[in-house]
Amino acid sequence: MPAADAIGEAGPVPATPPATSPAFGTLALRWYRLNRGGLRATAIGIISLIVFLLAWHLLTTYRVVFFVRFTNVPSPLAVYASFTKAIHDPKFLLHVLLSCRRIFFGFSLAAIVAVPLGLIMGRFKLVHEIIFPVAEVLRPIPAIAWVPMAIMLWPTNEQSIVYITFLGSFFPILVNTLHGMSLVDPVLVRAAQCLGARERSIFRDVYFPASLPHIFTGLTVGMGVAWVSLIAAEMISGQYGIGYFTWEAYSLVQYADIALGMIAIGVLGLGSSMLIRGAGQLVMPWRLK
Amino acid sequence: MSEIVAKAPQGHIEVRNFSLSYDSIEGPVQAVTETQIHVKPGEFVSIVGPSGCGKSTLLNAVAGFLKPTTGIVTVDGEKVNGPSAERGMVFQQYSLFPWKTVRENVEFGLKMRGMPRSQRERAARTLLGLAGLEAFEKHYPEKLSGGMKQRVGIVRALATGPKVLLLDEPFGALDAQTRVIMQQILTNMWQRLKISVLFVTHDIDEAIFLSDRVYCMTARPGSIKAEIPIPLERPRQQSMMMSSEFLALRRGLMSLIREESIKAMGGEITDLGMQGLNIQLHGASLADVI
């Protein structure tokens, strides 16, 4: 059907390359114009972080007391000093490593169970009708309320902490997967049926990829809640882990280590969310802009 | 391509004593009633009618998505029991899989049939070439214009070599210029493949320009009001749309549909609203005036 193309439709048209390659200056200018928005955001982001650090520094150096008391809050420099000490301390690294391992097991287990369960519940009404009421009753219980029960349920401390982490991320993943399944466009299912797709391929080629964006939303939220639950569990019943480290620093009156623990939790949480976002982009190339 | 062309003429659609109703709180609602239609092998047939008359319902029953309440739908004498790759379908909303590239979309039906990868890749490329889309085989549908998406939709539906092609207002979401081009493309493909086509539209010009025959449906509950053969010669040119023959057909269909549209909207139209249509109600009900 070349006729259609000759007449031409609105659509991506390959740009004609310029006859001579432009000078470096022109290229740099063009690159700047195209990326202006991103550069601006980065610049403002850096400035705002610097302002935050500066404010922290001033508030703690002058021990400001204005309703909120900064008297005992460590300064950024003190925290930095304890950071340089901590990275050479194998015990601190062990805390971090153990927390990461608990997140890895708890979160992975939650994803492995919740995603397929959500897909199956979304596809088969009976399974939904059986499991949904139980899930709805258990869902509002915060993971931290599970701590005493978890200690009774599981033989070791380690297992009960992983279990708490698992519970924290399980429900956000399940709920979002279910939501994704409920939004699958029925016309796409019909299209697949008209092309000869049977139940299995409809599940694999339509329902699953169509739900993926919501599954990844669930994984991101679930990862956040996993850290919240982990830290709470570690503070209560841990002997190791970054949550325990932070709580122990308070008990031992090592104020700089409290802030160090908090910052470490923040950085680890941010890093794990970025990992999930990256995985999402790998798995869903069609969503790249 | 060759395997699609080299088929004996088949694709005889028959819909007999068809009616379809669904349950609501006020009791069963009749969507389509007392309908008979047929499409001969290789024929291009359109269904037009006012909105909500059940023309899409009828098409969905032929596709196998809906079961008739009474009556029977057959293709080549075989009863339609559910959707199948024998009846290709093109939807108004394009319905391409966003997570598959253009070529993967076209390959999907072949993959379902168990065709090996290299073979279906070749087949998909050939088909995309025919539709002028080979340069876009690796694109995701989101990046394409509406006209291109629907070309992919048609090519995808034809890839498995169906006996009949069902189209549900396929060009309804396109702008007027693209629509004309798409009609030409569809005509060309149909003539080349000698496939039976059942085409649902509310655009009268489109129906006349494309079809061998046009069924006009009544307002809900839908049934066939008239069957109009279109004796215009083929291949059809855009210039024919100005011919007196075309315009006469258009006038005839137009008045049939207008009657039904007014009936369908009767309850909602007031005296004031009718002034634009040059009909005076004088307090009488619309049905009386008509």
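**Close-up views of a predicted two-chain model**

View 1. Residues are numbered from 1 along each chain as its sequence is written, chains are lettered from A and ligands numbered from 1 in the order written, and side-chain values use heavy atoms, without hydrogens and water. Helices are DSSP runs (H or I, at least four residues), and strands are too (E, at least two), numbered from the N terminus. α5(B) spans residues 146-159 and α6(B) spans residues 176-193. They pack at an angle of about 15 degrees, with their axes 10 Å apart. Axes are lines fitted to C-alpha atoms over the stretch in contact, and angles run from 0 to 180 degrees between N-to-C directions. The angle makes α5(B) roughly parallel to α6(B) (under 35 degrees).

**View 2. The residues between α5(B) and α6(B).** Contact means heavy atoms within 4.5 Å. From α5(B) come Gly147(B), Gln150(B), Arg151(B), Ile154(B), Val155(B) and Leu158(B). From α6(B) come Thr178(B), Met182(B), Ile185(B), Leu186(B), Met189(B) and Leu193(B). They divide into 8 nonpolar, 3 polar and 1 charged. Here Ala, Val, Leu, Ile, Met, Phe, Trp, Tyr, Cys and Pro count as nonpolar, Asp, Glu, Lys and Arg as charged, and the others, Gly among them, as polar.

**View 3. The largest nonpolar core has 62 residues.** A nonpolar core is a set of buried Ala, Val, Leu, Ile, Met, Phe, Trp, Tyr and Cys residues joined through side-chain atoms within 4.5 Å. Buried means under 20% relative accessible area, exposed over 50%, partly exposed in between (1.4 Å probe, protein chains only). Phe92(A), Ile173(A), Val206(A), Leu219(A), Ile242(A) and Phe97(B) touch the most other members. Helices of chain A that each supply at least two residues include α5 (90-123) and α8 (157-182). α10(A) gives the most, with 14 residues. Another core, of 52 residues, lies apart from this one; among its members are Val155(B) and Leu174(B).

**View 4. Arg190(A) lies in helix α9 of chain A.** Arg190(A) is partly exposed, with a relative accessible area of 26%. Not counting residues up to four places away in sequence, Arg190(A) touches Asn60(B), Phe65(B) and Phe91(B). Arg190(A) and Ile202(A) are 9.4 Å apart in space, C-alpha to C-alpha.

Notes
Predicted model: local features only at pLDDT ≥ 70, side-chain atom pairs only at ≥ 80, totals over all residues. Parallel < 35°, antiparallel > 145°, perpendicular 65-115°, else oblique.
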